[in-house]
Protein chains: 2
Amino acid sequence: MVEAKVSARLDASSPVREADAPRDSLVARFGPDKPLRLDAGVDLAPFQIAFKTYGTLNAARSNAVLICHALTGDQHVASVHPVTGKPGWWETLVGPGRPIDTERYFVICSNVIGGCLGTTGPSSTNAQTGLPWGLEFPVITIRDMVRAQAMLLDHLGIESLFAVAGGSMGGMQVLEWAASFPQRVFAALPIACSTRHSAQNIAFHEVGRQAVMADPEWSGGRYLTEGTNPRRGLAVARMGAHITYLSDAALHRKFGRKFQDRSNPTFSFDADFEVESYLRHQGSSFVERFDANSYLYLTRAMDYFDIAADHQGVLANAFKNTPTRFCVVSFTSDWLFPTSESRAIVHALNAAGGRVSFAEIKTDKGHDAFLLDEPELFAIVRGFLDSAGKARGLVRA
Amino acid sequence: MVEAKVSARLDASSPVREADAPRDSLVARFGPDKPLRLDAGVDLAPFQIAFKTYGTLNAARSNAVLICHALTGDQHVASVHPVTGKPGWWETLVGPGRPIDTERYFVICSNVIGGCLGTTGPSSTNAQTGLPWGLEFPVITIRDMVRAQAMLLDHLGIESLFAVAGGSMGGMQVLEWAASFPQRVFAALPIACSTRHSAQNIAFHEVGRQAVMADPEWSGGRYLTEGTNPRRGLAVARMGAHITYLSDAALHRKFGRKFQDRSNPTFSFDADFEVESYLRHQGSSFVERFDANSYLYLTRAMDYFDIAADHQGVLANAFKNTPTRFCVVSFTSDWLFPTSESRAIVHALNAAGGRVSFAEIKTDKGHDAFLLDEPELFAIVRGFLDSAGKARGLVRA
């Protein structure tokens, strides 16, 4: 039985509290009778899903759009983040009059399984022990995230999504949605992603995990119980990852070799260069809003992701006779999920007899372009959804 | 007064001991009367330089080739490393009958200032305190490294180098040699390098430094005195850096998504993937042979490197009317020092009226290609030195 309610605003601003009692979110709770079957071969129960909705579900229940968030994203796609106080992470794209128009569509965004903003994850309280899960939490996959989202839709009484959209890890979920539940996805928008994580991407993730686990305050994953905080390790992980979200050209354009508040080098290990100062800020601000163990679990889920491997090694098998219409988007300067990965998706969809359009957007902003002000992306998303909406029989309000 | 001798082989295998008493190396010691003037505005004295030589200096003293090593390299370019027992790091290129032929040339390779294999650096004993320098060691630059090498040559009685060669940070030193001492360099071979470190490269270095400094066992840089060891932080730094030395394609070819000694994922944080296991090994083996503070100092030196900035912002000014003949080499898959950086060197040399040839070698091996089995590189180096040798009047032995 699901119970959806707006949680009370808590005074405690710790992200740990968000894990159990997320502020400004709806929460769906699933009891022991509704376990989440995990790829690891175990059942997770009880568990909860924290989510946000924007707009109104129409009478036909045909205008629901699911947004899937990226590695360090959350359900606050178009509303203020309760910890940082910052605007939603995709307000450029989602909102009234935006390409994903909340005046037309009923937008749902849920925190992923393994996350730390209210959906059950390693920083949530394990009902059986009364302690945070820590590393006792089972290792989850992208497919597990999608299965949990499907359970959320079941409980919201939404049989079929008009669209599912997301970038990066969110795009992986979009692809998994289309592969696992083709009848439930009318239109799919996977952006800046791939159907499997590359060796280089696994390598970068492993460095991040090792940075977290090298911090003595990680305490074997029991830092919440032991009162320690692996903030230094997590900050290093974030700094390294952040470089991969940008591009050589963007870093050169934004920072070059400019000094920070000085005209000459200090001959020290201070943050002489602006780019150093910027990265340090990225690291230190991240640890205020994110859980270190969630970082381990979600990077692991991305590393394990390999749709073809789940379908006899043939990617096209995953999308055989798919009824879904796809719009695949990549960015020229994205070296984490380069255009070649998106082309592989398109080729597989073609081979599977799918309906797909593809756009490569020219930008120097790197992988993070999907989160930034990219008018070409906005136009593509708007056009694709308009066209799909007509096919779906959605009437403009 | 310099004193060059082969140090006694020590029983202690700790790299710390190498810092003061390097095994299997020659050592040139410079007293208080011979300080090294540093860009930071201070004098370093006393100090010492550990070096190796191969081959024989001819009567005209005209066949000396200086090899400059990269960030984590050392003087053991073509002979067994005293700590790891592994072959010299450039034995593919340097040795009897090799492209840099020790039967023709007198090859010199010295550990850089700031290093940890016998040239004075942060792990060396500070004569004034009797303790390791630690962060009291002054921050050094690529130009400081070159000035120290010039002092070594003075004391060896070598006025002019037939050639100076190196890759990566070694290539930076080659360029600085040509800029600082044009009359002392007959031929220069800068490989896989640039005349200034890019914002992205500074960013990667900063992550590495933060990883080291985040390790509580770094102890504010006093780990040698306090008996701690920042091996975890340094290993994370090395893992991250190592990715940048390879390429997406090489990682895909070598590892792909292959599992390590298993056929299915373990749903854990073990090193399931071969690439994870490989990276962990890179990290743990590195810390056995390298000093954490040296890592900070040498990355900093690379970050500060900007030849144009030292010459009124105009790169060509650094090489005005240069008498040196250059051979610039880059690798197609090197994304740390991409070909565009080498082209900038070539354009500056052209503008300066220099004599330069340029080769971009096609390989998927990334930046590390300069250290690997690359027959095209070998042929280019051999051909360039043969031709320069004729111009220099070197007669084949």
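Residues are numbered from 1 along each chain as its sequence is written, and chains are lettered from A and ligands numbered from 1 in the order in which they are written. Because the model is predicted, local features need pLDDT of at least 70 and side-chain atom pairs count only at pLDDT 80 or more, whereas totals for chains, interfaces and linings use all residues.

The same surface serves both copies, as 100% of the contact residues of chain A recur in chain B. The contact, for which the C-beta atoms of two residues, placed from the backbone, must lie within 7 Å, takes 43 residues from chain A and 43 residues from chain B. On the side of chain A that touches chain B, two or more residues each come from α4, α6, α7, α8 and α9 of chain A, and the largest share, eleven residues, comes from α4(A).

In chain B, an open sheet of eight strands with mixed pairing runs in the order β1-β4-β8-β5-β11-β12-β13-β14, where strands are DSSP runs of E of at least two residues and helices are runs of H or I of at least four, numbered from the N terminus, and pairing requires at least two DSSP bridges. Strands β1 and β14 of chain B stand at the edges with a single partner each, so one side of each is left without a neighbour in the sheet. Strand β13 of chain B pairs with β14(B) in the parallel sense over seven bridges, and R325(B) has R355(B) in β14(B) as its bridge partner.

Turning to local backbone features, a cis peptide bond with omega of about -10 degrees joins A45(A) and P46(A), and P46(A) is found in the loop between β3 and β4 of chain A. D24(A), although not a glycine, has a positive phi of about 55 degrees and is found in the loop between α1 and β1 of chain A. With 17 C-beta neighbours inside 10 Å, D24(A) counts as partly exposed, a class between buried (20 or more other C-beta atoms within 10 Å, placed from the backbone) and exposed (12 or fewer).
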